[in-house]
Structures are given as C-alpha cells and as structure tokens.
Amino acid sequence: MRICVLGGTGTIGRLVVAELRERQHAAAPLSRKGGVDALTGAGLVEAIAGADAVVSCLNIPTVSAGKAITFFSATARNAARAVLEARVPHLVDLSILGVERPDVQAGYGYYRGKAAEERTLSASGAPVTLVKTAQWFELTETLLAARVGTLSVVPRFPSQPMAAAAAAAVLADVVEAGPGGPTRLAAGPEPRDLADLAATVGARRIPRQRVLRVQLRGAAGRMLRSGALLPGPDVPRLGPTFEEWLEHR
C-alpha cells in the first residue's frame with residue numbers, strides 16, 4: 001500500500017512512517033519542508049493523489065484554545081477535502097481519549113482544538129477513522145523541556161500513558177484494516193501520575209534535574225485532578241510499561 005503521513009516528520013509521524021515501512025508499505029512523510037502545507041491546503045491534493053490511505057498526525061504546540069481550534073479545524077477541513085478530491089479511500093486521524101467531553105475541553109485549550117478537529121472530520125463526508133489514544137510517555141520529555149536552569153515545574157495529573165510507538169502500531173493496524181472501521185481507542189497498561197514519571201525521566205537523563213510537582217488551579221486543574229483523562233474499562237491496554245519504555249528509550 002502507498003500511505004501518505006501528514007506530520008510525518010514529527011514525534012509520532014516518524015514512528016508511523018517507520019512502522020508502515022517495517023510492514024513493507026510505501027510510506028511517504030508529508031510536511032511543509034516538502035512543499036505540502038495542510039494549514040493552507042497548498043500541494044496537498046497533488047501529494048496524496050494515488051495513495052491508498054492518508055494518516056494525519058498533525059500537531060501544534062499550544063495551550064491557546066483560539067490557536068488550537070484555528071489550526072486543527074483548518075487542517076482537518078483541508079485534509080478531508082483533499083482526500084475527497086483525490087479519491088483516496090481512507091483517512092486515518094490521530095486524536096486523544098476524552099477530548100469529546102465538555103469538562104475536558106473546558107480545562108485545556110489544546111483539547112478544544114482536537115475536539116474541533118474530530119467534529120470537522122466527522123461532518124466532512126470523507127472516509128475517516130479516528131484513533132484516540134491516551135497521553136504518551138514521551139510527553140514527560142516535553143514537560144521537562146519547560147525549565148529554568150535545572151528546575152522544571154510539572155503539573156500533577158493521573159493518566160494511563162502509553163509509548164508513542166504503540167500508538168503508531170495502532171495507526172498502522174487501522175490503515176491495514178481499511179476504511180469503514182469504528183473509532184479505535186488505546187491506553188497504556190496502568191494509571192500513572194505524569195509528574196512522577198517526568199521526575200523519573202529527569203533524574204535519569206539530566207544532571208541535577210529538579211522537578212517541582214504542582215497542582216494546577218482553575219478549570220484545567222479541576223479537570224486534570226478529576227481523572228477525566230483516564231480510560232474507561234472498555235479501552236484496550238497496550239504495553240510496554242513505563243519502566244520498559246525508559247530502559248529502551
């Protein structure tokens with residue numbers, strides 16, 4: 001199969017491309033550097049013409065609801081329009097467990113953007129399958145990156161994180177299953193506090209790294225503390241464990 005991966009040079013996109021190639025598919029990473037801009041739609045139809053599937057791993061690092069909604073709505077609209085115009089039979093989109101819930105959206109602007117993406121795709125008429133995963137272990141590294149000197153301030157919140165590589169494998173499974181399948185859900189093997197995991201990663205990798213674990217205030221803090229990001233009992237649990245991931249990272 002020939003599969004085009006939007007955001008194919010990012011954290012998860014690179015893993016998806018590698019996973020698909022490992023399965024002997026022709027996976028092409030698409031990005032602005034390669035002349036494809038999903039935000040404006042420039043070059044998108046031409047790039048995906050003749051593909052068997054498109055996987056969207058597009059992302060924007062922001063906590064602003066306005067920026068997130070604008071970005072994810074526009075890229076979803078352009079991706080769906082391009083898939084329909086190029087007659088690509090399947091669009092697989094990576095999203096997040098729980099973002100459809102009003103309490104989750106109220107607590108975090110980024111999740112409002114992802115919810116807008118899901119709504120846009122669902123209403124587009126394109127052959128879309130959503131893959132909604134829990135947070136990834138790799139998020140700990142992002143949390144640690146926001147630091148002053150050796151101090152990182154990391155919010156405490158329960159999640160059931162998983163390895164990004166496991167999420168990439170789920171996306172590849174959905175591509176191979178073809179269009180028409182239900183939304184796929186996935187989470188990690190056990191509940192963990194992301195701040196604790198970040199502290200463990202920091203102690204392992206950064207000399208004299210200190211992590212201050214904090215409880216966020218306001219709607220975001222209430223949402224995180226409520227366990228809203230934890231998966232329901234019907235969501236498949238996928239390994240590896242955090243300790244296994246860290247050992248082989």
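**Helix packing, cysteines and loops: a conversation**

Tutor: Let's begin with a crossing that is right-handed, that of H1 and H7. Keep in mind that this is a predicted model.

Student: At roughly what angle do the axes of H1 and H7 cross?

Tutor: Two packed helices are described by the angle between their axes and the distance between the axes. For H1 and H7 (residues 164-177), the axes come within 9 Å. The pair counts as oblique, and the crossing angle is roughly 55°.

Student: Is histidine 25 buried or exposed?

Tutor: Histidine 25 sits in the loop between H1 and strand S2 (26-30). Leaving aside residues up to four places away in sequence, histidine 25 touches Met1, Ile3, Leu20 and Glu176. Its relative accessibility is 14%, and buried means under 20%, so histidine 25 is buried.

Student: What about glutamine 24, buried or exposed?

Tutor: Glutamine 24 is also placed in the loop between H1 and S2. Although glutamine 24 is not a glycine, its phi is positive, at about 75°. With a relative accessible area of 68%, where over 50% is the cut-off, glutamine 24 is exposed.

Student: What is the phi of arginine 87?

Tutor: Look in the loop between helix H3 (65-86) and strand S4 (91-96) for arginine 87. This residue is exposed, at 74% relative accessible area. Arginine 87 is not a glycine, yet its phi is positive, at about 60°.

Student: How many disulfides does the structure hold?

Tutor: Take cysteine 4, which is buried with a relative accessible area of 0%, and cysteine 57, which is buried at 7%. The closest cysteine sulfur to that of cysteine 4 is in cysteine 57, 12 Å away, and that is too far for a bond. A disulfide needs the two sulfur atoms within 2.5 Å. The number of disulfides is therefore zero.

Student: Which residue does a cis peptide bond join to glycine 239?

Tutor: Check the loop between helix H9 (218-225) and helix H10 (242-248), where proline 240 is found. The omega of the cis bond is about 10°. The residue joined to glycine 239 is proline 240.

Technical notes:
Residues numbered from 1 in each chain as written. Predicted model: local features only at pLDDT ≥ 70, side-chain atom pairs only at ≥ 80, totals over all residues. Heavy atoms only, no water. Helix = DSSP H or I, 4+ residues; strand = E, 2+ residues; numbered from the N terminus. Buried < 20%, exposed > 50% of the residue type's maximum accessible area, 1.4 Å probe, protein only. Contact = heavy atoms within 4.5 Å. Axes fitted to C-alpha atoms, helices over the stretch in contact; angles between N-to-C directions. Parallel < 35°, antiparallel > 145°, perpendicular 65-115°, else oblique. Left-handed = near helix turned anticlockwise from the far one by under 90°.
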